[in-house]
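Subject: Structure handover

Hello,

Here is the structure I promised to pass on. Please open it beside this email and follow along residue by residue.

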Amino acid sequence: MGPQLKVVERTRTATMLCAASGNPDPEIFWFKDFLPVEIDSGNGRIKQLRSGKVSFCTVPALVLHSLSGALQIENSEESDQGKYECVAVNRAGTRYSAPANLYFPFVPAVRRVPPRFSIPPTSQEVMPGGSVNLTCVAVGAPMPYVRWVSGEAELTQEDKMPVGRNVLELTNIHQSANYTCVATSSLGTIETTAQVFVRALPRMPTSLIVTETTATSVTLTWDSGNSDPVPYYVIQYHSKLSENGFQEVNGVATTRYSIGGLSPFSEYEFRVMAVNNIGRGPPSSLVHTRTSEQAPSSPPLHVQARVLSPSTMLVRWDPPEEPNGQIQGYRVYYSSEPSDPLSTWQIHNTDNSQFTTISGLKTGLTYSLRVLGFTSVGDGPPSEVLRLKAQAGVPAQPDGFEAETELDTRIRLSWLWPVQDPVHRVSLDAAGSYALDGLKPDTSYGFSLAAQSEMGVGVFTEPIEARTTQSMTGAPPRKVEAEALNSSAIRVSWMPPLSVKQQGPVLGYHLICSRMENGQPHGQPILLDVPVYEAQEALITGLLPETTYSVTVAAYTSKGDGARSKVRQVTTSGAVPGKPSMMISTMMGNMALIQWQPPKEMVGELVGFQLQYRRADEDAFTVKDFKKTDDHFAVTGLHKGATYTFKLSAKNRAGVGEEHVKEISTPEDVPSSYPQNLSVVGLGSSSARLTWEPPPTADRNGRIVRYVIVYRDINSPNNSSNSTTETQMTLQGLQPETTYDIRVQAFTSKGGGPISPSIQIRTSPTSMPVFAKNFGVQAVMKTSVLLTWDLPDSYEPQVPLKILYNQQSVEVEGDQKRKLITQLQPDTEYSFVLMSRGNGAGAIQQQVSIRTAPDLLNFKPALYPSDVEEDGQVVIALPQVPAAAAPARWFYVVVVPETAGSPQRNPEDMDIHRLLDGGPDGDLLQPFIAAKLHTLSEIFILGDEKTYNGYSNKRLQDQQEYRCFVLAELTGHQYVSLPGNKVWGLR
C-alpha cells in the first residue's frame, strides 16, 4: 500500500500511509521530491511510525511479514508541501510506490455579500407554440437560492430550489407572460422580471376604400386593424378581365397608397395584408373600382377602302387595340393633297360603327385616308395613310407591307391584299408574301408595292427599307439559359452550335446583354467576349438591381459572328446592403468585443445584422442575428493561441449583404492540460509503442510543436525522455522483464504544459516465445472494455489464456481472440495483462493501459407524449448532454428487443464492435443501431425506416417489447452508454 493524495490545513498533523511485505522483511524509506526524508528532523515534527503483521502464503513453509512505515508530520508547515514516495528494500530488490502529493488549500477570508444578479434573465420573443429557456444567475456570500415565479404561481419546487443558477424551461408557449426570478439569502431578497412575448401574425386591415381614381392610377386608404405597430403592408390587385393572378406592391409603410401603371377604363380588385416579422396576416376584404376614361392611345386597326363608283368609296376598319374607354365614334380624314396638314383635310364623322361611305369624290384623283377613334375624353391617334385611286375597278393600296431579313442573301416581303371588287374574283381574305433571293449581304434595299387588276395598276405604297444581314459563319448556340445570381450579376449558359452547321472551328462566343424598358431594349448594350472555344458559361456583372435584361449568344469563327441565339430575358434581384464597418476593439482573456456600424451607402431599409465566427480549424460557423439597433456583441469562450474568422453582414428585405471579413489571433500560452488517452499499443522485450491524443482543443493554447515522453524504471529515480512532433512513439532500448513508469507532456512555442498521469508497462522476457500479438483495446465503455488480440498459427488453442487486471484474473479459451471485461468503474485507470498458462509461456506477454469512459449522460431516454404510436413507430425523448461534458464524436440510438425470460441487456455488457458493424439483417430479435447522430435532438421517432449516417431505423414489430439506449462515441475508442429504464411495447 502506497501513499495517496493528502490535503491538510496548516499547523495540523498529516499522516501518509505505506505498507510493504517480503522475505526477508523489507525496510521502508521515504523520499520527498526525489530526496530522502530526514526522519526525526524539524524539531521532532517528522516521524516514521512502524508496525507489522504476519500472513501465511499458499506456498508451503513460506511466511510473509507485512510491515507498515507510515510518515507522520506534526504541526505541518508550507515547506512540507511536495511529492512523497515510499521505498521498500530487502536483499531481493527495491520497490517504489506511486507518488502522492501533500498540499495546503487556500483558505480565503470569510466575507458576507448581499445577493446580486450576475446574469439577469432577458425578455424573449417566441412564435406561437414555441419554446424558450430563461437563465437567471445570482451571486453573493452566502450564495443565494434562486427560484422562478409567474404572478402568484411558484414555478420552482421548494425542495428542489437550486443555488446560484436556475434555468426555466418553457415549452408550447401560446400566451405572453411575465416571469420573475427571485434570489434569496440570509442577507436579503432581490428579484428581476423578464417578459416572454408571443409573436403572432398581424390581423387583417379594415376599412379599405378607394379615395381617388384616374385613368392610370387608384389611391387606397385603410385602417391598420392592429394594436401593435405594423412594419409594412402588401397590396395585391389584378384586372377582373385578366386570367393572371394578383400583382403585388410590397413594402408599403403607410395606410394610404397610390398604385400607378393601370389600364384606363378597366375594372380592378384590390386587397391589403399586414406583415410583421412572423409573416403575412390574412387579407382584407376585396374592393372593386374602374379607372377613368382616356383618349384612345392607338389608332383603328386594319383600315381598308375600295371604290364603289367613280365618286364614292367604302371605308372599313377594326376598333383600336387600346380604346381606353367607350368609343363614341370615328373620324375619317381624306384629301387628294397628302402633303397638306391633317387639319385641312376633309372630315367624315360617323357613329360607333366600323364602316362608312364617302361620296363626292373626283374621278381619277388619288385620295389619302386616315381614320381615328374618339371617346368622351378626346381623339386618339390617326391610322397610317391609306391611298386609293377614284377609278372604278382599280384596287386600293395593299396593307401591312413588311420586309423581314431571312438570310445573308434573302429578304422576305409580306402584305395584306386590299379590298377587291368581287367582279375580279380575287379572294378577299388572302394574304400575300414573297421572298426575294439573290440579294447582296449586308446591303440596304428599298421596296414599294401596288396592287394590279385587269383595269390597271393601283397606287404604290410608301417605300419601306430593309437590310440583309452579314454573311453568317454558323448556326446559333443551343439551349441558352440566363439566371440571376444577385442584384448585379447574371449567369448565362449554353451548348455549342451543331457541328454540321458550323463554318470553321469556333474560336469563342459573344454575349450581347441589353437593358429592357417597356419591352424594348434601352441604352447601350453590354458586349462580353468569351475567347474560349470550349466555354459553356459566363458571368455578366455590373448590372442594375431589379432590372430586366435580354441576352443573346453568338459563336464566332475566323470569319466573324454566327447567328445569334434566341433572346432570353432575366431580371436581377433586389439590391442587398454593402459592407458594414466592423472593429474588434478589445480582447481580454477569452473575450473579443465586436463593434459595427451600418454600411455607408445603404440600399433599402436596414432590418438587422448577421455575425458569423469560427476557429480557423473548425468547419461550421456560429451564426448570430441582431436587430438593426444593435451595434456590438461580446464573443466569449475564445481559446488561447487560436485564429478566429469573423464575418459581418447587414440585412435588408432583399437578403444578406456583402460580408466584412476579419481574422484575429489570440496570444499563445503553455498548454493548460496534458495529452489525453496515453496507451500502449505494442509491447516487446526491449521496446514499447505508445499512442496518445493532443490536449483538449480548449486547453491547447496554441499549436502543439512537440511532445516529450518521460519514462523511468520504477526502481530507479532517474528519468529518461524522448521528444516527437507526432502523437505516437516507439521507445527503444528498454530492459526485459522491467516495469516502466511513462508520462507525456505537450509543448507550444511558449513552453510545456502539465505532464499526464503515468501509466505502467512491463516488458516481456527475451527468451519467452510470443504466443499473442497486437493485444489492444477495441472499445472502451463506462464499465466495460473490449480487448482483442491475434494468435500465431503455431499456438496451440487448447492452452487457455488469462487476463490480469487490478488483482483480478479472467480465463479465456485458447482459440478466442477477444474478451469483454465488465463491471469496471467509470473514468478509472486500468492496466490489462494477457498471459498464457501453457509451458514456456507462463509469464506476462502483452499489456495495455486505458481509462474507462466518464459518466457523460445523466438522463435516461423516455417515452415522449405523442400520438405517433402506429405503423411500427414510437416517439422517444432523448437525453441531453451537459454543455460542460466531454465532446462526443457521434451518438448512437441502440434498440434491444426483449424476449421472454431473457435478462435485461445493457450496452456495457455487449460486444460494441460487433454492434457497430451491424448484426444479421434478417434477425429481428438481435440488438441493432437505429441511428448515428451528430447531436441529440429533443425527440426521435423509432421505426421511421429512414437511414441515419449508414444505419437503418428499422420498423418496429407489433406485439414486441423493446429497450432503448443512447451510446456516445468519445475520443480514443471511448463509448458512453445510458441504459434505458423502461421497456416499451407496440400493441
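W317 is buried, at a relative accessible area of 2%. Keep in mind that this is a predicted model. W317 belongs to an aromatic pair, and its partner is Y330. The two ring centres are 5.2 Å apart. Their planes meet at 55°, so the pair is tilted. W317 sits in strand β27 (residues 312–318), while Y330 sits in strand β28 (residues 329–335). The two residues are 13 apart, and the pair links distant parts of the chain. Y330 is buried too, with 1% relative accessibility.

Now look at a second pair, Y805 and F832. The ring centres of Y805 and F832 lie 5.2 Å apart, with the planes at 40°. Y805 is in strand β66 (residues 801–805) and F832 is in strand β69 (residues 829–836). They are 27 residues apart. Y805 is buried at 7%. F832 is buried at 0%.

The structure holds 19 aromatic pairs in total. Ring pairs also join W596, F609, F626 and F633 into a cluster.

Back to strand β27, which also holds T312. T312 has a relative accessible area of 15%; the limit for buried is under 20%, so T312 is buried. Leaving aside residues up to four places away in sequence, T312 touches V307, T357, I358, S359 and L361.

Two charged side chains sit over rings. R290 lies over the face of F265, 4.7 Å from the ring centre. The charged end of K932 is over the ring of W890, at 4.3 Å from its centre.

F265 lies in the loop between β23 (256–259) and β24 (267–275). Is it buried or partly exposed? At 28% relative accessibility, F265 counts as partly exposed.

N701 also has a positive phi, about 60°, without being a glycine. Find N701 in the loop between α1 (697–700) and β58 (706–713). N701 is buried, at 6%.

Last, the cis peptide bonds. One joins N23 and P24, with omega about 0°. P24 is in the loop between β3 (19–22) and β4 (27–32). Another runs from A141 to P142, with omega near 5°. P142 is in the loop between β13 (130–141) and β14 (145–150).

Best wishes

Note on methods: Residues numbered from 1 in each chain as written. Predicted model: local features only at pLDDT ≥ 70, side-chain atom pairs only at ≥ 80, totals over all residues. Heavy atoms only, no water. Phe/Tyr/Trp six-rings, centres within 6.5 Å; stacked < 30°, edge-to-face > 60°. Helix = DSSP H or I, 4+ residues; strand = E, 2+ residues; numbered from the N terminus. Buried < 20%, exposed > 50% of the residue type's maximum accessible area, 1.4 Å probe, protein only. Lys NZ or Arg CZ within 6 Å of the ring centre and 35° of its normal. Contact = heavy atoms within 4.5 Å.
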